[in-house]
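Dear colleague,

Here is the structure I said I would pass on. My notes on it follow below.

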Amino acid sequence: MKTTKKITLPEDKIPKQWYNILADMPNQPQPLLNPKTREPLKKEEMEQLFAKELVAQEFSKERFIDIPDEVRTLLKIYRPTPLVRASGLEKALDTPAKIYFKNESVSPVGSHKLNSAIPQAYYNKMQGITHLTTETGAGQWGSSMSIACEHFGLDLNVFMVKNSYHAKPYRKLVMRTYGGNVHASPSEVTEFGRNILATQPDCGGSLGIAISEAVEMATKTPNCRYVLGSVLNHVLLHQTIIGLEAEKQMEIAGDYPTKVIACFGGGSNFAGIAFPFLRHNITQGFKTEFIAAEPACCPKLSQGKMMYDFGDTAGTTPLIPMLSLGSDFQPEQIHAAGLRYHGGGQIVSQLVLDGYINSVAIPQDETFKAGILFARAEGIIPAPESTHAIAATIREALKAKEEGKEEVLLFNLSGHGLIDMAAYEKFL
């Protein structure tokens with residue numbers, strides 16, 4: 001492990017606004033559709049499921065949206081997060097490329113997900129909502145919402161993909177410690193869960209199924225709303241605080257990325273690091289390459305079809321225009337549970353079609369090898385999801401070595417893997 005160069009910012013430099021890429025996209029994505037009428041979704045229809053202010057952000061075309069003072073104060077607990085020059089990894093790879101990573105693992109829950117959980121809990125609290133429901137794959141989003149809801153005094157029910165529920169027992173304990181109620185999905189708690197178990201008693205679950213259960217409970221519980229950890233526009237918006245900080249930190253470092261890389265499940269951490277830099281490609285003609293690293297078993301951006309598809313398995317959510325493998329798709333049970341979502345989301349899918357984003361599908365063995373190399377070089381054990389970004393970065397660094405190019409690579413370390421050691425144990 002080599003000494004690394006950490007670039008920080010003072011608290012007063014935390015962004016005061018989020019960046020909304022919809023304001024700059026040359027081709028706007030097609031609208032969400034009402035699942036019953038198949039007509040463009042209206043704000044008031046979406047407000048039946050989400051907080052009003054979150055719906056307003058979902059539909060907004062404003063370039064910058066103010067971060068509420070109370071939200072910004074809470075973000076200061078762990079933000080700004082460090083930008084790190086990965087000199088240890090550079091040495092291990094013997095590459096001419098400069099490698100930087102944004103370390104989102106320093107948040108209280110160990111991942112980037114808290115960046116959106118805090119504002120989502122805040123806006124629901126301000127509206128007078130008392131109960132929330134959500135789903136979680138690996139557990140980072142459920143943990144984030146649990147601590148955010150505890151702060152704002154909200155009751156939370158989390159539907160956790162059953163395979164992850166059993167494979168990652170400490171994730172559910174983190175959620176319960178923070179005050180969240182956790183259910184293995186499919187569950188006996190909802191009608192949809194019971195119906196699945198009646199025909200597939202050994203079903204290990206999926207994010208699509210967990211979303212269906214959370215949506216059902218939200219619609220049947222008084223004064224309750226649903227919150228989502230990825231995919232939708234307002235979630236990606238909140239995460240842009242990552243890239244906005246990274247812009248300032250790269251400037252301090254005297255570099256600008258030639259390639260920006262992040263793992264991809266539903267798009268939250270990828271959009272967070274990528275969108276603020278991508279706007280310069282769109283508006284100023286910059287040539288930075290953006291690479292979404294997804295699991296080979298769930299390659300929605302690489303192999304999915306552009307379609308209107310449901311965000312959940314039951315078909316209760318709005319129809320989303322996106323690259324998708326199909327809402328009934330149940331991928332292989334890999335350890336990177338947070339990346340096992342079937343669709344690419346409205347904004348990212350459009351940007352892929354327009355040629356602004358590239359994708360790469362990486363096998364699980366390669367990702368864990370990359371994660372172990374990174375841990376030994378940099379001293380941080382990454383989450384299984386984050387190892388996909390590391391693997392893609394290593395590919396690019398070795399390509400730079402082969403071609404003799406001086407690339408500047410920036411990737412997002414979306415979270416640490418200290419609660420994922422069972423996965424590392426199996427690999428080792």
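**Charge, fold and cores**

The chain carries 43 positive and 46 negative side chains, and the centres of these two sets are 3 Å apart. Please keep in mind that this is a predicted model.

Overall fold: the chain contains 18 helices and 15 strands. Its radius of gyration is 20 Å, close to the 22 Å that the globule rule gives for 428 residues, so the chain is as compact as a globular protein of that length. Along the principal axes, the C-alpha atoms fill a box of roughly 60 × 45 × 40 Å. Of contacts between residues at least 6 apart in sequence, 76% join residues at least 24 apart.

Surface and interior: 64% of the 428 residues are buried. The chain exposes about 16000 Å², and carbon and sulfur atoms supply 49% of that area.

Cores: the largest nonpolar core has 70 residues, and those with the most contacts inside it are Ile 21, Met 145, Phe 275, Leu 351 and Ile 357. Helix H13 (residues 268–284) gives the largest share of this core, eight residues. Another core, of 28 residues, lies apart from it and includes Val 84, Ile 261, Ile 362 and Leu 413.

Asn 281 sits in helix H13. Asn 281 counts as buried because its relative accessibility is 12%, under the 20% cut-off. Leaving out residues up to four places away in sequence, Asn 281 touches Phe 286, Lys 287, Thr 288 and Phe 290.

Regards

Definitions and conventions: Residues numbered from 1 in each chain as written. Predicted model: local features only at pLDDT ≥ 70, side-chain atom pairs only at ≥ 80, totals over all residues. Heavy atoms only, no water. Core = buried A, V, L, I, M, F, W, Y, C linked by side-chain atoms within 4.5 Å. Buried < 20%, exposed > 50% of the residue type's maximum accessible area, 1.4 Å probe, protein only. Helix = DSSP H or I, 4+ residues; strand = E, 2+ residues; numbered from the N terminus. Contact = heavy atoms within 4.5 Å. Rg over C-alpha atoms; globule rule 2.2 N^0.38 Å. Areas by Shrake-Rupley, 256 points an atom, 1.4 Å probe, with all protein chains shown as cover. Lys, Arg positive; Asp, Glu negative; His and termini not counted. Charge placed at Lys NZ, Arg CZ, Asp CG, Glu CD.
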